[in-house]
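Reader: I would like to understand how the words used for a protein model follow from its numbers. Could you take me through them one at a time?

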Amino acid sequence: MTDHSHDDDLKHADHAMPKPIIYTATWIMLLGLLFVNYLQSQYLDLGAFNIVIALVICLIQASAVVLIMMGVNFHSTLVKFWALVGFVWLMLLFTTLGDYITRHWIHLPQGW
Amino acid sequence: MSIFELQREGFASQRLAHQFEEINQQNECYIVGMWTFLVTEIMFFGALFLILSLYRMAYPASFEQAHAVLLVSFGLTNAVILISGSYFMTMCVRAKMLGDYRMTQLWLGLTLLCACGFLVVKSFEYASEFKDHHFPGPSFHWETTTPGAYTGSYSSQFSTTMPANAVNSAAVSSTYSAPVTQNLNMHKRQLFFSLYFIMTGLHAVHVIIGILIMGTLFFLIRYRHPSVDDYMPVELTGLYWHFVDIVWIFLFPLLYLIGKQ
């Protein structure tokens, strides 16, 4: 029987991670995008595009956090796939909005 | 050397558990397990975001009035705090990977401070909302004089200084008189605040859980406990903390910024 408390069990994984400056740059970018979002909401009225701009900025921020800070970009394909699963679920979930949006496009008879 | 080049050397060694063939498999297993948990969290918060979108589309005017009374300064401060906390956590994971206990403790301490700071700001915000009677229920109250409140044509047709329960008797009217419409609008605004308190409250619960986990880790690292010899507990806590940050990245504009123009 193998004794697993032995120091032979100490291994070096095939790690990979970016230099700290990449993390710092990501942090500054996230704060910058946050203030862009804030300033746009306070001083620039783009009508129906307000929410589009806000969501695009959010998606860029979330992608930066997932890919760089959570390190998905530096992990294996399996981890990348698993991370993607959650966002595919979100997309499927939000397609149900299509039902609510289009429900009154067709005028159905009132019935008896 | 380019700053985009990945660091592959200088990492601390890890102990291989007997059920794994090699250390990379072990690490991948931990991370995939954590991501599975995070996917269930995405489903959980995703459904709440869907409900918010649905009702916002159904009652745009009432929701915009309710959006307008939320104080952006609180939301913005918390967004800065959480994004900074995420950065400190990333640096903490990096320090632990390199086996630098002193720096791990420093970065983890900063992350903990950010988490506590978030709760302090949130408690001030909740206190102000309770004071203004914006918590849904019998005490819910709405006035057009609320600072920053929407004063467009939609709301100006009716007096909006009556408490919600004061106009209940008028709701028996079969026609849509002003008090009845006012009552309906009051219910829609309460619906917004119900969603607001559920979403931000659940997020705050996640922050509290994060504080408990990070606090435990902090002491385990401080006393060099064998369970934190490996960097994985810090890495997995980091993944959780980044998720909490991502939720706020979406909550902030969707609750505080939309409807401010």
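**Words and their cut-offs**

Author: Helix H2 (residues 60-69) of chain B is mostly covered, since 7 of its 10 residues are buried. The model is predicted, so local features need pLDDT of at least 70 and side-chain atom pairs 80 or more, while totals for chains, interfaces and linings use all residues. Residues are numbered from 1 along each chain as its sequence is written, chains are lettered from A and ligands numbered from 1 in the order in which they are written, and side-chain values use heavy atoms, without hydrogens and water.

Reader: What makes a residue of H2(B) count as buried, and which ones are buried?

Author: Buried means under 20% relative accessible area, with exposed over 50% and partly exposed in between, for a 1.4 Å probe and protein chains only. In H2(B), the residues that fall in the buried class are Ser62(B), Phe63(B), Gln65(B), Ala66(B), His67(B), Ala68(B) and Val69(B).

Reader: How many helices and strands does chain B have?

Author: Chain B comes to 7 helices and 1 strand, where helices are DSSP runs of H or I with at least four residues and strands are runs of E with at least two, numbered from the N terminus. Chain A has 4 helices and 1 strand, and from the N terminus on its elements run β-α-α-α-α.

Reader: Why is H3(B) called roughly antiparallel to H7(B)?

Author: The axes of H3(B) (residues 72-97) and H7(B) (residues 232-257) come within 9 Å and cross at roughly 160 degrees. That angle makes H3(B) roughly antiparallel to H7(B), because angles over 145 degrees take this name, whereas those under 35 count as roughly parallel, 65 to 115 as roughly perpendicular and the rest as oblique. Axes here are lines fitted to C-alpha atoms, for helices over the stretch in contact, and angles run from 0 to 180 degrees between N-to-C directions.

Reader: What makes H2(A) roughly antiparallel to H7(B)?

Author: The axes of H2(A) (residues 49-69) and H7(B) come within 9 Å and cross at roughly 170 degrees, which means that H2(A) is roughly antiparallel to H7(B). The contact (heavy atoms within 4.5 Å) includes Ile51(A) and Met69(A) of H2(A) and His242(B) and Leu254(B) of H7(B).
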